[in-house]
Amino acid sequence: MQNIQFELRDNGIIYRNVGDYHLADTFECGQAFRFDPYKEGYKGFIEKQLCHITLRDAAGNAVPAVCDGDGGTMTVELIHGRPTEQLAVKIGQFLSLDTDYTALKKRFAKNEVMAKAIEFAPGIRVLNQDFFETLITFIISQNNNIPRIKQLCDRISENYGTKVGDTFAFPAAEQMKDITEQDYKDMKFGFRAKYLADAVAKVIKGEISEDVVKSLSYEDAQRYLMQIKGVGPKVADCVLLFSCRQYRSFPKDVWIKKAMAQLFPDGIPQEIEGFEGIAQQYIFHYARFNLKD
């Protein structure tokens, strides 16, 4: 992992030399829907493990963010499990601790507008989430708001996921294979019911495969995912960006379209080419709080 060292403890993992990380901006920016504030950090599932994630500064104080230098420490407590080196690597990858955000931000900031966006929220990271969960949650996200998305994701987890302590993991495809379109409608998924039923069926049958998606070029992977009913370019780009590390993916919603029109009327700046998806997170967050209607 990029400049990151980790140490296993009885009930978790400590990652040292962490910088450029803001927990709330990362977990509440609309890329993940099942992480919630908990004690001095956030709680959610990573690699099917229920985790409590906290950040501490160089002095050992619990903090919401470490965005200057690399002197921070991230602790991932496994609430119902025991750590291994393999799990530590996978959790680090999920949290994007293996990506050099310091170098990326320096590159992006050569563009004056990007420099402002980065300064506004310097600790956002793009998570590397579970493929199936990301696919389903972003189908749910269509024409929806974050509180409602979280509510629906929790509902499907409580009905079909595995109970872990006092909460439920998001179900795997096999756990959802018998859910009918009417079942989804009864759970208040509305027009998304037929899209969810089709997505699960295609994954179960092997018509949509994570391995295939990750083997394809960006353009081919986007077309491949759009075989699923209701999956257009925006949802496909979200899946590719947030679970497949296709950093060329550039999901466009109302805020991003407005941001591009106002901030980058000449198109995507060359400083972010190849990493448009990571840059998009800074642009999106900046646009939500700073652009005119």
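**Cores, helix packing and cysteines in a predicted model**

In this predicted model, the largest nonpolar core holds 65 residues, and the members that touch the most others are Phe 108, Met 114, Ile 136, Ile 139, Tyr 184, Leu 225 and Tyr 282. One of these, Ile 136, was examined for its partners. When residues up to four places away in sequence are not counted, Ile 136 touches Phe 170, Met 176, Leu 196, Ala 199 and Val 200.

The chain as a whole contains 13 helices and 11 strands. Its radius of gyration is 19 Å, close to the 19 Å given by the globule rule for 293 residues, so the chain is as compact as a globular protein of that length. The C-alpha trace spans about 55 × 50 × 35 Å along the principal axes. Of the 293 residues, 51% are buried. Among contacts with a separation of 6 or more, 67% are between residues 24 or more positions apart.

Helix 3 covers residues 101-108, and its buried residues are Tyr 101, Leu 104, Lys 105 and Phe 108. These residues lie on the same side of helix 3, because they cover an arc of only 95 degrees around the axis. An α-helix has 3.6 residues a turn, so residues three or four places apart point the same way. The partners of this buried set are helix 4 (112-120) and helix 13 (276-290), against which the buried residues of helix 3 pack. Phe 108, in helix 3, is also one of the residues listed above for touching the most other members of the largest core. At the N-terminal end, helix 3 is capped by Asp 100, which has a side-chain oxygen 3.2 Å from the backbone nitrogen of Thr 102.

Two loop residues were considered next. Phe 35 is located in the loop between helix 1 (23-27) and strand 4 (36-38). With a relative accessibility of 5%, Phe 35 counts as buried. Apart from neighbours within four places in sequence, Phe 35 is in contact with Phe 27, Tyr 42, Lys 43, Gly 44, Phe 45, Ile 46, Ile 53, Phe 94 and Lys 150. Phe 35 and Ile 53 are 18 residues apart in sequence, and their C-alpha atoms are 9.9 Å apart in space.

Gln 142 is in the loop between helix 5 (131-140) and helix 6 (146-160). Its relative accessible area is 17%, and Gln 142 is therefore buried, the cut-off being under 20%. Beyond neighbours within four places in sequence, the contacts of Gln 142 are with Phe 191, Arg 192, Tyr 195, Gly 230 and Val 235.

A search of the whole structure for disulfides finds 0. Cys 29 takes part in no disulfide, and the nearest cysteine sulfur, that of Cys 238, is 11 Å away. Cys 29 counts as buried at 4% relative accessibility, and Cys 238 counts as buried at 3%.

Methods: Residues numbered from 1 in each chain as written. Predicted model: local features only at pLDDT ≥ 70, side-chain atom pairs only at ≥ 80, totals over all residues. Heavy atoms only, no water. Core = buried A, V, L, I, M, F, W, Y, C linked by side-chain atoms within 4.5 Å. Buried < 20%, exposed > 50% of the residue type's maximum accessible area, 1.4 Å probe, protein only. Contact = heavy atoms within 4.5 Å. Helix = DSSP H or I, 4+ residues; strand = E, 2+ residues; numbered from the N terminus. Arc of directions from axis to C-beta. Polar contact = N/O pair within 3.5 Å; in protein donor to acceptor, adjacent residues only side chain to side chain. Disulfide = S-S within 2.5 Å. Rg over C-alpha atoms; globule rule 2.2 N^0.38 Å.
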